[in-house]
Amino acid sequence: MSRNTVIIVLAALVAAACGSGNSGSDNTATSASPEAAVPNVEVAVVEAMDVPQESIYSSTVQANATNNIMPQQGGRIRRINVEVGDYVSRGQVLAEMDRLQLDQLALQIRNDEVEYERLKSLYEQGGVSASDFEAAELAYQVRKSNYQNLEENTILKSPISGYVTARNFDAGDMFSLTAPIFTVQQVVPVKLLVGISESEFTRVKRGDSVTLTVDAIPGRAFTGRIERLYPTIDATTHTFKAEVVVSNTDRALRPGMYARVSVNFGTRHSMVVPDRAVVKQDGTGQRFVYLLGDDNVVSLVSVGTGRHIGAQYEITSGLEEGQTVVVKGQAALRDGVTVNVLEPAL
């Protein structure tokens with residue numbers, strides 16, 4: 001076989017092979033590809049209702065009043081009558097300082113009282129001038145006032161009813177004004193300072209009722225009232241202080257307890273959807289829902305959200321009552337997609 005004949009045979013074989021490959025490619029191209037599946041979704045109807053406008057703030061229970069018990073000057077502590085943890089009543093004697101000066105002054109007042117009565121009798125009979133009698137009376141009253149002041153700083157009494165929360169000295173110690181002998185805290189009532197968002201500034205009023213819970217007493221709620229409102233707003237936290245007072249008649253609440261305070265600002269008539277319907281866009285604070293339109297076509301709608309109530313979200317903007325939103329199947333959706341609405345399970 002000649003060289004030319006070999007070349008012609010090889011060319012024929014290559015052409016046959018190419019023809020066979022093209023035929024297979026055409027068959028593949030002409031076969032029908034299956035259509036993309038329509039996403040299945042579940043939906044819910046937008047409802048309108050009165051939504052409680054309630055916010056929860058954290059705070060710490062404080063004593064209504066705190067008194068540091070100490071005399072005005074140093075001296076030896078003669079007696080200690082109470083211990084830390086004791087509940088004391090107003091006017092109860094907590095401790096006594098050395099009584100030497102007090103007892104000496106008491107004797108002087110007793111003599112002054114006898115002299116005063118004698119001069120008074122003489123004055124009424126004309127035996128003493130008015131100036132001498134008035135001078136003696138003034139000296140007597142001044143000494144009585146000094147005695148009362150010294151007595152208050154010798155026999156130390158509690159000015160409030162409450163718990164003794166600190167004792168810094170023992171009987172026999174020399175008191176030197178470095179620290180109070182006792183600290184007494186009033187717990188009937190107690191108070192809390194609550195930092196409320198500035199957006200609620202015009203909605204909070206003195207006398208409003210609040211409820212609170214504490215971690216230390218699970219399962220129990222306490223009722224208090226707003227006693228006073230601080231007039232300025234913190235520029236850093238954008239909150240203002242509200243002082244809440246709780247009667248605490250059973251003394252269950254103690255200073256230092258962590259509390260959650262619930263403040264109710266009334267109600268607002270708003271749209272409500274299941275919280276499953278709300279989609280948050282990654283990297284932003286924006287929230288959306290898929291709104292079901294005609295021919296089961298969904299559109300992505302930006303909404304404003306308010307309170308989260310149980311399994312529902314309050315919608316403050318973007319929706320109207322009676323519209324239908326997707327609550328399940330959003331992962332497979334995009335704006336303008338046609339969906340298949342599943343019937344709710346019975």
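**Backbone features and helix packing in the predicted model**

Asn-296 lies in the loop that runs between β15 (287–292) and β16 (298–309). In this predicted model, the phi angle of Asn-296 is positive, at about 60°, although the residue is not a glycine. With a relative accessibility of 30%, Asn-296 is classed as partly exposed, because that class covers values between 20% and 50%. A positive phi also occurs at His-238, another residue other than glycine, where the angle is near 55°. His-238 belongs to the loop between β11 (222–229) and β12 (239–246), and its relative accessibility of 40% makes this residue partly exposed. A further backbone feature is the cis peptide bond between Val-188 and Pro-189, for which omega is about 5°. Pro-189 is part of strand β9 (residues 182–197).

The protein as a whole contains three helices and 19 strands. Of its 346 residues, 32% are buried. The accessible surface amounts to about 20,900 Å², and carbon and sulfur atoms account for 49% of that area. Among contacts between residues at least 6 apart in sequence, 74% link residues at least 24 apart.

Helix α3 (residues 130–152) comprises 23 residues and extends 33 Å from its first C-alpha to its last, close to the 33 Å expected at 1.5 Å a residue. Phe-133, Tyr-140, Tyr-147 and Leu-150 are the buried residues of α3. Helix α2 (100–125) is included in what covers these buried residues.

Terms used
Residues are numbered from 1 along each chain as its sequence is written. This is a predicted model: local features need pLDDT of at least 70, side-chain atom pairs count only at pLDDT 80 or more; totals for chains, interfaces and linings use all residues. Side-chain values use heavy atoms; hydrogens and water are left out. Helices (H or I, at least four residues) and strands (E, at least two) are DSSP runs, numbered from the N terminus. Buried means under 20% relative accessible area, exposed over 50%, partly exposed in between (1.4 Å probe, protein chains only). Contact means heavy atoms within 4.5 Å. Accessible areas come from the Shrake-Rupley method with a 1.4 Å probe; for residues, only the protein chains shown count as cover. The expected span of a helix is 1.5 Å times one less than its number of residues.
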